[in-house]
Amino acid sequence: MTNDYLLLTVFLAIAIVFPLIPLAMAWAWARLFSPAKPGYDKQSSYECGIESTGPAQIQFQSHYYLYALVFLVFDVETVFLMPFAAAFLKLPVSAFLALMVFLLLLVEGLVWAWAKGILAWK
Amino acid sequence: MLSALAPELILVITALVVLGLGVSTPGTRAAITAATILGGLVAAAAVLVLPVDGNFLHGMVVLDPLARIFKLVILALGLVAVVFASDSFPGIHLAESLALILFSTVGMMLLTGTEDLLMIFIALELTSIPLYVLAAFAKESRSSAEAGLKYFLIGSISAAFLLYGLSLIYGVTGSTSLGVISNVSGVADPLLIAGIVLTLAGFAFKVAAVPFQLWAPDVYEGAPTAAAALIASGSKVAGIFILAKLLTCGLGHWAGSAGWGQFLPGWAPVLALMAAASIVLGNVTALVQSNVKRLLAYSAIAHGGYLLLGLCSASQESLTAVLFYVVIYALTTAGAFGVVAIVEKQRGGSRLDDFDGLAKSSPVLALCLLVFLISLAGIPPLAGFFGKLYLFTSALANGNHLWLVILAVAMNAVSLYYYLIVLKHAFVLPARDDASPAAAPASRALVLALALSVLALGLVPNLLLTSLNKDQTTKVAILTHDK
């Protein structure tokens, strides 16, 4: 057991050090050799090639939280589906029916949200 | 097994139908309320008519006559909350609020029908989460949002404590079924002690016992009154029932004793201390309240203390007394909140001043308020008196709990003051302006029915008491022969 963890520690150390080496070399080169020549085009932020207009801080509409909420429900449902899928072949039919009931309840929640007009962007 | 869960299934289907009605065109206010009440009545019929008794899935679903009685009580309280909500909630989201009440009622019914630690937690969460949403339902009110947030945060933390405690108990005893846990004996090891304390902490939140009572005043005051009625009556009944079952049936071996000079370590002294603190704090703080809902919250804390006093005696007759008292307390509190809901609709607030002149404008309602508050104060011939009598006598008969009973009786006398203050505003002081009585016929009829039931249970306590006594033995027998 100690052998496995030792291997992991060595692996961890190499995984941290390995990407740092080229970064350190680039920093050292920039510091010691390349001259500082900042320019307008070099310092501006990239926005798919067009000139950026307007302030950087825009306000999110709070209506967005409803989408996040509905997404969260279905994401947790997906998480619950995964162990069921992994053990699917060994489970009896009743387990499948029980999970169908679970899925249908959540679909009913989606239908309710849709009918209430929550999914329409205001 | 599905037929044992038929009442809960009927309620779930009703809730889904009501949600569907809410988003479709035939969903008028009356239709939604009628559908809910119809579903509740069918579920009640299912509870009465179902022939199956026994336990399923190693104690996860248990049906016996005592559980049936409590399922009926909880259904009745849920329907009471539905009627109050239909009269006082605004129309836009009525279907959702009724569906939430139904889901919470399903959770409470599952709580009364289980003997398994995992199912206890699931049912407790199913009870609480709709109540968190209901507490925050009044969207224009800041105090409702505050109530919902406080209830949710404190409730979730308590649920975490409860789950940790239950998992520790499972770890030490090796099973989640109360029947197996009750067979484990021997000295309590430190892990089990930690588990029991954490479990008590989680349940003390539900019952609003000191030192876990801080949520109750703000939630009772801020939540819409129908939701507060359900929180005060339904969740208390289910919480006390499952706490009684867990402690006396599952963990009975480690009860200890709280008698003066007979101290033995266990959960009974913990309950006794919590009871003493709740009784004192609840009654004394209620003296200075100016909002009736907040006053009822502090009174709920005090009554939680009386119930814990009954539980710490840990005997068969004190168990009967506790179950009797929690039922009549739930009926009384539901009725009191119903009166507050009607007055709120009439006057726009629930401060003591808003009750001025209630006797002139709605004499029947004022009389019902009198019945409820005098019953809470424990004055014969109302049901509250007999509940307290059985509680205190059973506490005295099982161990030297004289110190606790003296404290409880003294604080009970203190409580009479604040109940009478509300009645003074209702009966003696003249109305400040002439507000016409609010039209809420269903709520008024239900409040009258609740008042009559409190009066009936006071004049003939055997209506409830004989069935509780008889079924105590069945309850214990079922627990001991399951595996």
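Predicted model: local features only at pLDDT ≥ 70, side-chain atom pairs only at ≥ 80, totals over all residues.
Helix H4 of chain B passes helix H5 of chain B in a left-handed crossing. Two packed helices are described by the angle between their axes and the distance between the axes. For H4(B), residues 94-112, and H5(B), residues 117-135, the angle is about 155 degrees and the axes are 8 Å apart. Angles over 145 degrees count as roughly antiparallel, and H4(B) and H5(B) are therefore roughly antiparallel to each other. On the side of H4(B), the residues that meet H5(B) include Leu100(B), Ile101(B), Phe103(B) and Val106(B). Their counterparts in H5(B) include Ile120(B), Ala123(B), Leu124(B) and Pro130(B). By class, the residues of this contact comprise 16 nonpolar, four polar and no charged.

The axes of H3(A) and H4(A), the latter covering residues 93-115, come within 11 Å and cross at roughly 170 degrees. H3(A) and H4(A) are therefore roughly antiparallel to each other, and H3(A) passes H4(A) in a left-handed crossing. Val70(A), Val73(A), Glu77(A) and Phe84(A) of H3(A) form the contact with Leu99(A), Leu106(A), Gly109(A) and Ala113(A) of H4(A). Six of these residues are nonpolar, one is polar and one is charged.

The domain assignment of chain A gives domain 1 as residues 2-43 and domain 2 as residues 64-115. The C-alpha centres of domain 1 and domain 2 of chain A lie 44 Å apart.

At 1.5 Å a residue, the 32 residues of H6(B) should span 46 Å, and the end C-alpha atoms are 46 Å apart, so the two values agree. Just after H6(B), Gly174(B) takes a positive phi of about 85 degrees.

The backbone deserves attention in the loops as well. Most residues other than glycine have a negative phi, and most peptide bonds are trans. Cys48(A) is not a glycine, yet has a positive phi of about 55 degrees. Cys48(A) is placed in the loop between helix H2 (40-43) and helix H3 (64-86) of chain A.

Chain B contains cis peptide bonds. One of them joins Val210(B) and Pro211(B), with omega about 5 degrees; Pro211(B) lies in the loop between helices H8 (190-207) and H9 (215-222) of chain B. The bond from Pro380(B) to Pro381(B) is also cis, with omega near 0 degrees. Pro381(B) belongs to the loop between helices H15 (363-377) and H16 (383-397) of chain B.

Methods. Residues numbered from 1 in each chain as written. Chains lettered and ligands numbered in written order. Axes fitted to C-alpha atoms, helices over the stretch in contact; angles between N-to-C directions. Helix = DSSP H or I, 4+ residues; strand = E, 2+ residues; numbered from the N terminus. Parallel < 35°, antiparallel > 145°, perpendicular 65-115°, else oblique. Left-handed = near helix turned anticlockwise from the far one by under 90°. Contact = placed C-beta atoms within 7 Å. Nonpolar A, V, L, I, M, F, W, Y, C, P; charged D, E, K, R; others polar. Expected span 1.5 Å × (residues − 1). Domains from an automatic or database assignment.
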